[in-house]
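User: I want to learn how to read strand pairing and aromatic contacts. Please take me through one case.

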Amino acid sequence: MNKYIIRGAALAAVVMVAVLGCQTAKPALATAAESAVQVEKTGFSPASPAGQNSIDISLLFGSADAILSWKVEVTGNGLVQKTWTGDAKYLPASLTWDGNSESGASAPEGAYTAKLTIDYG
């Protein structure tokens, strides 16, 4: 499921939502208007053997020079389970989620969505 959301004038963010567990193809380039979150596994379980107990979330974004701040949220059952934030100094190409919530407890089993929000100023 892909969804584009443009926030108000103060936060010029483009958001693409990818349902964790969907297999997607990685585009070659991303512009500010094409910033995206992608996953390449069909799912995972924190209780699985190594290599299957986490999921990598790829972040595609436009010019890193124009980024003021960013946030990635993993949500499920209407609740934010995990959040990563940063500024222009550090926007990684990918993040790894081990299925734990912000409190460190295992998130409930289910479908999750990752959302990337970028403030380009």
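This is a predicted model: local features need pLDDT of at least 70, side-chain atom pairs count only at pLDDT 80 or more; totals for chains, interfaces and linings use all residues.

User: How many bridges join β4 to β7?

Analyst: Strands are DSSP runs of E, at least two residues, numbered from the N terminus. Two strands pair if DSSP finds at least two bridges between them. Here four bridges join β4 (residues 55–60) to β7, and the two run antiparallel.

User: What is the strand order in the open sheet?

Analyst: The order is β3-β4-β7, with antiparallel pairing. β3 (36–39) and β7 each have a single partner strand, so one side of each lacks a neighbour in the sheet.

User: How do I read a ring pair?

Analyst: A pair of aromatic rings is described by the distance of the centres and the angle of the planes. Rings of Phe, Tyr and Trp (its six-membered ring) pair if their centres lie within 6.5 Å; planes under 30 degrees apart are stacked, over 60 edge-to-face, the rest tilted. The structure holds two such pairs. Phe44 and Trp97 have ring centres 5.7 Å apart and planes at 75°, so the pair is edge-to-face. Phe44 lies in the loop between β3 and β4 and Trp97 in strand β7, so the pair ties together parts 53 residues apart in sequence. Trp97 and Tyr112 have centres 5.1 Å apart and planes at 65°, so this pair is also edge-to-face.

Note on methods: Residues are numbered from 1 along each chain as its sequence is written. Side-chain values use heavy atoms; hydrogens and water are left out.
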